[in-house]
Structures are given as C-alpha cells and as structure tokens.
Amino acid sequence: MSFQQVNYDPQFKPVKSIYENRLRQFINNGGDYKDLNLPKFYDHQRIRLDQDRVKVQWYQVPFEEGTSPVSPDKRPPWKDIIESDSKGVLEFRDASIGQPFGPSWSTTWFKVELNLPSEWVETGEQLVFDWDCSNEGVVIDPETLIPATAFSGAERTEYLLPKNDTGKYFFYIETGNNGMFGCGDGSDISPPDNHRFFNLVKADIVWPDWEARALFIDFWMITDAARELPDDSWQKHRARQVSNMVMDLFDPERRSSVAECRELLKKEYFDEFIDSAEVYNKGEKDILTNVYGMGNCHIDTAWLWPFAETRRKIVRSWASQCTLMNEYPEYQFVASQAQQFKWLLEDHPEFFSKCLIPKFQHNQFIPIGGSWVENDTNLPGSEALARQFFYGQRFFLKYFGSKSSIYWLPDTFGYSSQVPQLCQLSGMDRFLTQKLSWNNINNFPHSTFIWAGIDGSQLLTHMPPGNTYTADSHFGDVLRSAKQNKTAEFYGSGLMLYGKGDGGGGPTRQMLEKMRRIRSMNNRNGNVIPKLEVGTSIDEFYDDIFEKTNQGNDLPTWTGELYFEFHRGTYTSQANTKRLIRFSEIKIHDLEWIATKVSVLYPDVYKYPSKEINDLYENICLCHFHDVLPGSCIEMVYKYEAIPMLQVVIEKCDALITKALEVLRKEDTSKLAKIKTLAWDDDYTLISTVDNSKYQTYISEDSKTIIMENGKLKVAISKKEGVIKSIVDLDTNTEYLDINNGRNRLGANQFVIFDDKPLSWPAWDTELYSVNQYTYLTEIESISITSKSKSRCSVEIVVPVISGCKLKTVISLNSTTDSTKDESFIDIHTEVDNWNAANKFLKVEFPVNVRSDFASYETQFGVTRRPTHYNTSWDVAKFEVCSHKFADYSEYHKGVSILNDCKFGFSTHGNLMRLSLLRSPKAPDANADMGSHVINYAIYPHRGGLGSKTVKLAHEFNYNHRYEIPSNLEKSLDSVIQISGDDNIILSNIKRGEDDADIQSNYAIKPENVKSIVVRLYESLGGESNCVLTTSLPVTKVMKVNNLETDGEEVSFNKTSSGIEISANLRAFEIASYKIYF
C-alpha cells in the first residue's frame, strides 16, 4: 500500500497508562469480564465432586484433645492405613464440598476413585484431578506407596493423572490439618489456633485446554515486561503494543483464536522455542547470562509446625519436584539438610531409592549444604558446630558418594566468624546466604565477595541479588536478580533461587513455564530483558565465578563475622532450650572424653559407643536448627520435642558415662578420686582446702554494707540496694567498678527491666529504642548472709521483679591460695521465680572501671571483638551481640570478664557491661520463657588484658562435672593425652577415629583395621602459638586431619621417657585436629 496523500482515518497515540492497565483484564479470573477473556477457555470441561464420576471418602485419624500432637499415632505410616483399609478395619465416609476437617495438627485420609468420561480419555490429552482442602496433602499410590505429588491449597492443587485406556483411577490422599505456615491465629506468626478446621473447596476432574493455559503464561510474562522494563527501552513499549494486539485478536466466541494469539506472540515478541527446554540453547551465546535460576524448597525443620510435621513436608515437597523433573528436562533442584534426607530414608525408603536416587543420578535432584540442618551459627558450642559439618558431610558421602562443596544457609540469623575455617576444614570453599538483605540499619555492600574468618580462612560467598530464596520466577524476580547485583563490576551474574519455601513446597509447573517465556523474550529482544539460564548447577555457577575473578582474588573481602542487623532477641529467647543445649553439649563432651580413654585402655572389656554418641549428637545438631535454638518456634516444638529431646540426651550421656566408669571400677578397687574432663590441672572453681589463713574467706557487716574478702579480692555489697558497690584487688589496690560515671551509678549485679516491643517478629527482635526504655530494680525484699565458712562466704538478696515474680541472687566468694589467687572471682547464682512478664526484657548490669574501644566475646574456637561505642551506623547496629561462655572488657593494665553457664546475649558500651537473662515475647509462642529459671554467672576481675586465665576459667565454670574413678587409674587416664606449652592453646575435645573398624560407627566411610583417637586443639586468643601433645599410647602414625577425618598430612612425633611427643604450631585462632594411630 502506498502512502495516501489525504488522511481519511486519523489515528491516536495510545495513552500508556490506560493501555497498560487494560492488560490485566485479559487473564483476570474474576471480575465482570471473565467470560469475555481468556479464563473462559482454561478448561474444556470440568466435573465436580458428585460421588459418581468423582468419588471421595474420608477417614479421620483419632486425635484426642490434650494428648501430644506430635506422637506417632497422630501421623500413622501410610502402609498401616492402607493395609487396615484393605481389611475393612477403617470407616471411610463420603465427603462433601465445604465439609470441615480437623482439628489443627490432626490427620485426615481420603480415598479417591475417578471414572473419567470416555470422550476425554480418547482425546489422548493430559487430564487433571484438581483438589483443594485448604491444608497440606499428598497423593499416594496404594500399590507401590510411592507419592505422586503434593497439594498445598493455594499454589499446588493439580495432579496430572497418568494416562491409561480406561479412565479409571484409585488413590489415597493423606492430609495434615495445617496450612503451609502452620495454624497461626490471625497471622502466620501468631500462636497457633489449635482448634482450626480446613474445608474441602474442590475435588474436580478436569479436561484442560492446555493451549489456553499456555497463552495465560505467555501473556502474563509479556505484560510483566510491559509494566516493569525501563521506560527508555523500546522492548517495554513493544511489549505493551503486542499485548494489546493479542487482546484485540482474541475472540471469546472462538476457541481457535487462542492458537492465533499464541502465533502472534511468537511472531512479534517470543521465539519459536517458547514451549521447549531448547529455549535455553538458543539466543546469543556470547551475551552475558545475567541470572542463573535454581529450584529449591526451603523447609524449616521446625518453625510454625513441629519436627513431626516436617517429616511429612519433606516427602510432599520432594515428591512434587521429582514429578516435575519428568516433565522438564532442564529442571534442577537443590535440597539441603542431611537430617531431612535421613527422615525421608526412614519414613519412605522406596521413594528414596526408586525416585530420588535416580533423579540424583541424572543430576536433577542435588543434595547440597554440608550440614546436618540449616543451623544457627551464633549459638552452638565449638565442638557441636564442628559436628554439624561432620555429620552432614559424612551422611552425604555415605548415601550419595560425595560431599557438598558449598555451605548452603539462606535463612539464618547471623554468621559466626569461625564459619569460614570450619567450612574449609569440612571440604567446603563456597558459601551462600541472603539473610543479610534483611538488615534493618545498614545495607550490606556485596553480592559476590570473599568472606574471611578470624583465622584468615576464606569462602567464596554469593548472596542472590534478588534478596530471596523463595522467588516465584516472576519477570520482576528475574529483573531484580539482574539489576540489584552490588558487585557487578567484579562478577555480573547472580543466582535466582525460586520455589515456594519456609513451609516447603518448592517450584511449581507454572514457575518453570514462566522462565521458559522469559528466556524466549531475551532470545528475541536482547539483554534489556535479562538473560536467564536454567540447567546450570550450583557448582558450575561458583566455578564460573572463580574463573572470571582470578580464582576469587579480584573480589572484595569481608573479614570477621557477618553480623545480622536484625533478630537480636534470638540470643535470649527460649532460655530453657538454650540452657539445655549448653548442658547437652558439655555432657556429650564428657562422654567422649571418658569413653575414648576407657576404650583405648581397656579394649577387651569396653567398646566405644559410637552409634549411641552419633545418635545423641544428631539430636543436638537437630536442635541447632535456625528457628529452634534461636527461640522462634511455636510452643509445641519446645514443649513436646526439643526440650524433652535434649533432656533425654543428657540422661543418656549420664547413663553411658556411668557404664564406662563401671568398667574402671571393676578393673581396680582402690579408693575413688574425682576427675574432670579438661586438659589442665588447676581447678579454679572452688578451693576446698585453705593452705594459708591469708586467703581464707572473711565476711563482715555494718549498718550499710556487707564486706566479703579472701586475701585477694574485697567485695562490698550495699544492704539497701543489694548490689555490689566495689570490687578491689587487695594486691594492687585496684578498683574494678565505676559507680561514679555512666548511667548505672548503682552497682554491679544490678537487675534491670527493659521494655521490649519490637516493630515486628516478637520472638526474634529486640530494638534499638528499647536500650533507653528501662527500669532499675532497686527495691529489695531481703538481704542476708547465708554462708561464712573459711572456704566460702555468701550473701543472698531477694528482689521483687514484677507482680507475682521475684528473683533470688546469691553472691559468693571462695577462698583461694597464693598460686591461684589471680583466678579469684565473684560467683553469682540467680534464681528467677515465676517469670510472668509480657514484652519485657530482664538483664543484669556491671559498671566497670575500664575504658576501651572494643570488648571481646567468646565465639566458637576463639574470640570476636566488637565496638563499645556508636561511632558509625555499623557500630550502632551491634547494640546487642552474641557471646558464649565469657565476655571480656579490658584495657592495658586491667579488665573484667563476665562468665556464664547458659546465656548468650550481651552488650558492652561505655563503662557498662550487660548480660541478657530473660525475654517475654508473645508470638509465635505465647508462653515463651514463662516459669522459673536458674542462671549462674561470675565476675572475674583480672590484671592485664584478656588472657588464657579467662578462657580456662570460663571452661571450668561450664565443664564442672566431676566423675569418680579408682585413684590408682587416675594417672593412666590422664596419660592417654596431655598438653603442654602456650596456655592459649586449648585441648578442647577427644574422640575415637570414626573409621576405626573396632568401634563399628554407622558413619564410617572407609573402615580401617586400626585404632586411633582424634584430638582437637584451638588457639583461643589470636596469636601464633606452640604446644606439645604427649601420649602414653604406642603410637604408629600421626596425621593432622580435617574436620571430617578424611584427609590430612602426616606429622612427625618423638619417643621420650615420658611417652610420645607431638609438636604443634597453630596460627591465630586455628582449629587443629590430630589423629593419633596406635
């Protein structure tokens, strides 16, 4: 057509906003125009529940109110239910639409029989069963017990029926009466409504129009491009134009117009591979891939639901993913947490072997992560954190033949400064998280970077730029993943982790279809639409980073902890669980210490209990999960699972220790002597005999003050306020408290109540403004001297806290000796009776005569320094931090250490040290921390800066159990392993070599007919140091091994008159493990 000289048909310029807003009408499944737009054609036909074509019956598993909601009878094995039904034992009744099922946490089974119309079957098309009971469910084949797919109410309702010639189907659906995010009353994180019911919304058979459904995805993605691409790109305006052309072409009276619309889109905006995995092999090869998509399914091992329900979430979620893999050859899915794989193996071994393993072999289902669970890294003890990786990696080696190269931790509340070293020692040099994107004060500056720990060990680290691990694969998710890369100048690509998560679920069919469309648009229209790749593995992604950044050497480095500027309340919430974790970690340390020595000295009569120890450690590591130990789960998790589990750990450790000690008592009948489980001789906690009257304890009082002395320290306690007014070193006349300056001018051991009303996330958060909302507890009910012997004196103070709650604190001073006087400290035992507060935070303060710009806090295998000022916003963010057995505040000539036996929250600013004791959040556990608590802590004033005396005293304060053995055997037990040399090197743990054949470990990888012990050392204060290990064992070889005990290098040893000597040199904060063969 030639250009006309006269205009008879004027055209207008479309108004962008109107033409853009119009686009939503076309795929809107509601509103006034549904039957005039695409939703009219989504189905050819649909038959709803009629008990003829669609027959559904239900059976409710008994659930008696007041019984444990996590007991095994509430979630019976599939085989038991199906066998009972086949015998006619169970009463299944007809179900109806709208019928409620429940209550919360119960189990309902459905039996489904379908009889599809023959005309549907004859089409040969994929037919669907569409189910929604508002809860979680899974389809189970009654013959094989293999799950087919899951239902979750919202995003996952369809079961693609396997094609057959009859159109007849029979299967079961097991449903858990909870939502994907539990049963929260009002909001997800509110305490659960334990009387909630879930209604059957639909149970339909469907003959879908797959072409119409494909057009829905096409149109959704192109209109997202029209809305979200930058205004200065022609691709945005073309997307809007083509989308409007589709709407104009569509005819609601003509189903064939659907195919015409799709052809128009392929002609104008997509490429021809829109429906195929081949789309990822097309386009410009040399153009940078902006985004690598990886499917994942973050399943919180417990959170708003118990462990017992997670066991079902795993099989539901992973079954859906294995089914998707059959349809989408490009699809790869990663799953972490060895615990979850173990549960699957226990509960559904056939699914594990027949479905999951083949997908693993085809590199579609990829185990990842290298830890037992996705654990908290702030709170676990040193050895226990090492065991997270030990058990995680050894499980993967045992069942998959390889270990993970990456520590996968997308969702946890901060990252210890020793994680890089422990990862390196466990075979991982890569790390992934995204949680720092939640920081509420500072914006973390990197996406791809090197993270270096306090010892210098480093990890290649990537934080997905989209700031989520639960992307829906929307166009916007891909766009954000491309545009928000903070280190694009070093590495221009980023991961997009897609899939429903937290409560499980994983990617959906819709997500995979959307990503094909997005790549197709890139192939056709260039890199303004990000180039998205699916089918590249996580290892390949990190390999690409290494290749393009000079093996990581060009990347910026972040040194030290990755402090999370949010969820600071998790250092304190659920105090009883934290206490039991500390106690269980100590007890299992004691068990290994004693069992190792007994097993090598008396191999003929005692076998090292490797399986029992491994089982106990698995439960400890399970409770390290990043919602359990931090305290952010619902009450059910603690009441019925974590607390009883940890109590059993302690009880079983005690029983196993007793069994080992009985062997010794049978071997020798000499009088009993008490031993400890630490590698040094001095016992600083109590001097029971006084060798010099100068260092006996004395106590005196006048009308205002009680004075306690032991020849080294003089402690003054106010009788009016019940606080410590003065601590003086009598040798140097040094005052360690400062009550003349700062905001606390009352004294040490001063209790204080803070308002605790965070902006959100009650169990997780405590906020900056709360620091200045506080009330000192200055009124006391009573003060009295309760002990005044030569070896110990004590003062008891009773303090009202709030109505109905009081605390009793006992301040004690022990006698000392000339050789131990520099380890003298003030011991404090506090009992809180009936803590019943709401949104309050109880802490205890110590105003000290120290000035420094940093304080030192024990972390795993070392110390993390943090500021005591608020110079920058990064300093302000650390107003509450994590500490383990001690926190120390020192200047050049003196310092004060606060020791504790079960607490983790701390702060030091100005001249004030503050130990966090108890919180009282009301969600998601309305009863969190309510009840009575026992807390032990101590004030240790010392000369000079932080030194090994603090480290060892903190160990003594915690590892305080004493075990009775025949005195004649004491020397032989000690001689199994001893250490000498620099005091800052700590011999922290001993165990038997995991691959020793004689212990028959269930975690052995390559059992060897040898005997060995593994000795763990670490440098505790931050300086290169030397030591010598001495053993009486007939040593044949010594290896310095990694944390997994699988690789290492041989080291030399010397035979001397005192035994075998092994020299060790450790760099600052190094963790070193020596495997001694004999």
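# A walk through the helices and sheets

Start by selecting helix α4 (residues 210-228) and helix α12 (residues 475-483): their axes come within 9 Å of each other and cross at roughly 50°. Axes here are lines fitted to C-alpha atoms, for helices over the stretch in contact, and angles run from 0 to 180 degrees between N-to-C directions. Helices (H or I, at least four residues) and strands (E, at least two) are DSSP runs, numbered from the N terminus.

Before moving on, know that this is a predicted model, where local features need pLDDT of at least 70, side-chain atom pairs count only at pLDDT 80 or more, and totals for chains, interfaces and linings use all residues. Residues are numbered from 1 along each chain as its sequence is written, and side-chain values use heavy atoms, with hydrogens and water left out.

Back to the pair: α4 and α12 are therefore oblique to each other. (Under 35 degrees counts as roughly parallel, over 145 as roughly antiparallel, 65 to 115 as roughly perpendicular, and the rest as oblique.) Show the side chains of Met221, Asp224, Ala225 and Glu228 in α4, which meet Phe475, Gly476, Leu479 and Arg480 in α12. Contact means heavy atoms within 4.5 Å. By class, this contact of α4 with α12 has 4 nonpolar, 1 polar and 3 charged residues. Ala, Val, Leu, Ile, Met, Phe, Trp, Tyr, Cys and Pro count as nonpolar, Asp, Glu, Lys and Arg as charged, and the others, Gly among them, as polar.

**Next stop: α8 and α10**

Select helix α8 (residues 338-347) with helix α10 (residues 382-400); the axes come within 9 Å and cross at roughly 45°. This crossing is left-handed, meaning the near helix is turned anticlockwise from the far one by less than a right angle (clockwise would be right-handed). On the α8 side, look for Ala338, Phe341, Lys342 and Leu345; they meet Gly392, Phe395, Phe396, Tyr399 and Phe400 in α10. Those contact residues divide into 7 nonpolar, 1 polar and 1 charged.

**A sheet with helices on it**

Now colour the open sheet of 6 strands, ordered β3-β2-β5-β10-β7-β8 with antiparallel pairing. Two strands pair if DSSP finds at least two bridges between them. β3 (93-94) and β8 (147-151) stand at the edges with a single partner strand each, so one side of each has no neighbour in the sheet. Zoom in on β8 and strand β7 (residues 136-140), an antiparallel pair with 3 bridges; there, Val138 has Ala150 in β8 as its bridge partner. Helix α2 (residues 78-86) packs on this sheet, touching β2 (54-60), β5 (107-115), β7, β8 and β10 (168-176), and its direction makes about 55° with that of β5.

**Along to residues 565-645**

UniProt, in an unreviewed entry, places "domain: Glycoside hydrolase family 38 central" at residues 565-645. UniProt positions use the numbering used here, feature names are shortened, and annotations may be inferred rather than shown by experiment. Over residues 565-645 the chain is 64% helix and 0% strand, with the end C-alpha atoms 31 Å apart.

Pick strand β43 (residues 931-943). Strand β34 (residues 826-835) runs antiparallel to β43 and is joined to it by 8 bridges, with Asp827 opposite Ala938. Strand β40 (residues 894-900) also pairs with β43 in the antiparallel sense, over 7 bridges, and Lys894 stands opposite Arg943.
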